[in-house]
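Good morning, and thank you for the time.

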Amino acid sequence: MAEPLRGIGVSPGFAAGPVCRAGVAPRLPAPRAVSDVPAELSGAASALRAVAAELDRRASATSDATAAEILRAQVLMAEDPVLDEAVADAIRAGSDAPHAIDAAFAVHRQAFLDAGGYLAERVADLDDLRDRAVAVSSGLPMPGIPSPGHPFVLVATDLAPADTAGLDPAQVLALVTEAGGPTSHTAILARSLGIPAVVRCGGAAGLRDGMVVAIDGAAGAVRVGVDEATVLDTRRREEERRSRAAASSGPGRTADGWAVELLANVGSAADPVAGAEGVGLFRTELLYLDREKAPSHEEQVEAYAAVFDALGGRKVVVRTLDAGADKPLPFLDQAGEPNPALGVRGVRLARRDPALVDGQLAAIAAPATRTGATAWVMAPMIATPAEARDFVTRARAAGLASAGVMVEIPAAALRVRALLREVDFLSIGTNDLSQYTFAADRMAGELAELLDPWQPALLDLVAACGRAGREAGKPVGICGEAAADPGLAPVFAGLGISSLSMPARAIPAVRDALATHTKADCERLATAVLAAEDPAAARAVVG
Ligand code: PEP
Ligand code: MG
């Protein structure tokens with residue numbers, strides 16, 4: 001059998017079926033002379049309004065909170081008055097509506113690319129808006145997802161959030177894209193919809209409608225031209241996987257009963273927590289994004305209380321504001337940093353504005369005290385024990401009993417023993433720890449192999465933290481994406497990691513992986529993986 005196409009597996013699951021490619025973007029028609037400028041202006045404006053209305057409709061129709069949030073951000077982009085003005089200027093200068101729209105988006109696009117990081121990853125969102133608006137203003141239907149009338153594997157160059165959010169998991173068996181990265185919206189949405197997905201798939205451009213493919217969304221493999229027996233076998237594996245996941249419950253344990261807590265990552269009370277022993281990472285910055293000023297004390301209290309209530313007394317680890325870099329906040333003056341990922345982000349914001357973190361800690365403490373919730377707090381982007389001490393002092397002053405910090409910067413991992421003397425617990429953010437250890441932007445799909453959580457240098461840092469945590473008798477968990485990798489779960493357990501926090505959907509596979517290994521297996525695997533020379537050799541140890 002031919003070698004499968006390889007990409008980055010971003011949403012686990014097995015699927016097989018015929019390919020159907022996403023509708024292609026409209027080609028710009030030949031330019032035409034504009035005789036009626038007011039009519040052209042109103043045509044362009046109504047095309048942009050139609051696009052915004054369609055995306056707004058999709059945002060209201062979806063039950064997925066993440067999808068709705070992403071779509072609403074796109075609506076705001078489509079309604080941006082600066083964009084409107086740029087289109088109108090181009091028309092007054094002689095362009096027809098489709099070309100004026102195209103030119104205005106091209107300027108926005110370049111600005112996003114120049115800004116880099118989070119904004120550069122939003123270029124697919126802008127391109128989608130442009131294609132829709134050009135299509136409408138040319139009298140064509142908006143490009144979108146095909147509906148061949150039978151379940152299919154959707155293949156695309158890249159997918160816009162508007163398309164991914166509207167996918168029907170009963171029709172779309174899997175997603176395969178040529179572009180995108182593990183942190184792109186396609187990946188985030190596919191995971192939240194439970195659709196197996198492979199991004200940055202080399203050779204996906206050659207996939208044509210009707211070809212039958214089999215996908216392994218965890219391994220990132222796409223087998224092309226498979227026979228009927230393989231299709232049936234793939235579907236059987238998926239059914240087994242799903243029924244195992246549905247049957248899987250209870251706390252995280254190795255085969256011989258050694259506990260590794262299984263926790264959920266959430267951004268608000270709308271995110272699922274089923275099957276989790278608690279919340280290991282509550283990303284509070286979602287409450288602050290797209291704001292002109294910080295949310296009020298009352299608003300914060302309400303948002304935190306909603307999550308505490310949803311967990312009914314189970315532990316919730318609330319992370320204080322992690323703004324900056326790929327999560328800029330309009331009300332914080334962070335413009336002009338030459339390198340925002342290395343700038344005043346995360347807990348560093350408290351240097352400029354201590355009231356921001358103190359206010360947040362007070363808003364966490366209020367409902368925690370009132371409801372008796374098990375609220376732990378932690379700070380992101382800690383580099384030194386002194387920073388950790390400062391945060392813990394503030395948390396205690398707010399009346400919070402359990403205060404910890406994230407290990408996301410190599411400096412923190414290198415001095416982990418000193419760090420542990422200051423805190424009650426640690427949580428390793430492998431996403432940023434990879435980024436800073438390998439000097440590789442976590443948004444850059446092109447550098448994905450450096451950001452592979454099986455990289456020995458990253459695992460060495462995790463091992464140092466696990467060892468120090470055991471010596472100090474304090475919990476050390478992981479809350480980056482690596483915690484959702486079932487292959488790594490026994491390795492992390494063997495390295496002394498006491499909890500794994502991930503999107504709730506990922507928990508069953510991780511629970512299973514732990515349950516099929518004894519403590520001694522985990523320790524043996526951990527030792528062997530640390531001795532491996534590269535990610536491939538490390539994976540081969542686990543098999
Ligand atoms: C991390 O860096 O691993 C982490 C969990 O934080 P975030 O992804 O929110 O930066
Ligand atoms: Mg982080």
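Predicted model: local features only at pLDDT ≥ 70, side-chain atom pairs only at ≥ 80, totals over all residues.

I begin with the overall architecture. The secondary structure of the protein comprises 21 helices and 16 strands. Along the principal axes, the C-alpha atoms fill a box of roughly 80 × 60 × 40 Å. How does the radius of gyration of the protein stand against that of a compact globule with 543 residues? A compact globule of that length would have a value near 24 Å, and the protein has 24 Å, so the two agree. Of the 543 residues, 51% are buried. If we take the contacts with a separation of 6 or more, 67% of them are between residues 24 or more positions apart.

I turn now to the helix pair. Helix α1, residues 37–61, and helix α2, residues 65–78, have axes that come within 9 Å and cross at roughly 165 degrees. An angle over 145 degrees counts as roughly antiparallel, which means that α1 is roughly antiparallel to α2. The crossing of the two helices is left-handed. On the α1 side, the contact is made by L48, A52, L55, D56, R58, A59 and S60. The α2 side contributes A68, L71, R72, Q74, V75 and A78.

Next, a single residue. E285 lies in the loop between β10 (278–283) and α10 (297–311). Is E285 buried or exposed? Its relative accessibility is 1%, and the residue therefore counts as buried, the cut-off being under 20%. Beyond its neighbours within four places in sequence, E285 is in contact with R319, T320, L321, D322 and K327.

Finally, I come to helix α16, residues 430–438. Because 8 of its 9 residues are buried, α16 is largely enclosed by the rest of the structure. The buried residues of α16 are T430, N431, D432, L433, S434, Q435, Y436 and F438. Which elements cover them? The cover includes the strands β10, β13 (402–407), β14 (425–428) and β15 (476–478), together with the helices α14 (410–414) and α17 (456–472). Just after α16, A439 adopts a positive phi of about 50 degrees.

Thank you; I shall be glad to take questions.

How values were computed. Residues numbered from 1 in each chain as written. Chains lettered and ligands numbered in written order. Heavy atoms only, no water. Axes fitted to C-alpha atoms, helices over the stretch in contact; angles between N-to-C directions. Helix = DSSP H or I, 4+ residues; strand = E, 2+ residues; numbered from the N terminus. Parallel < 35°, antiparallel > 145°, perpendicular 65-115°, else oblique. Left-handed = near helix turned anticlockwise from the far one by under 90°. Contact = heavy atoms within 4.5 Å. Rg over C-alpha atoms; globule rule 2.2 N^0.38 Å. Buried < 20%, exposed > 50% of the residue type's maximum accessible area, 1.4 Å probe, protein only.
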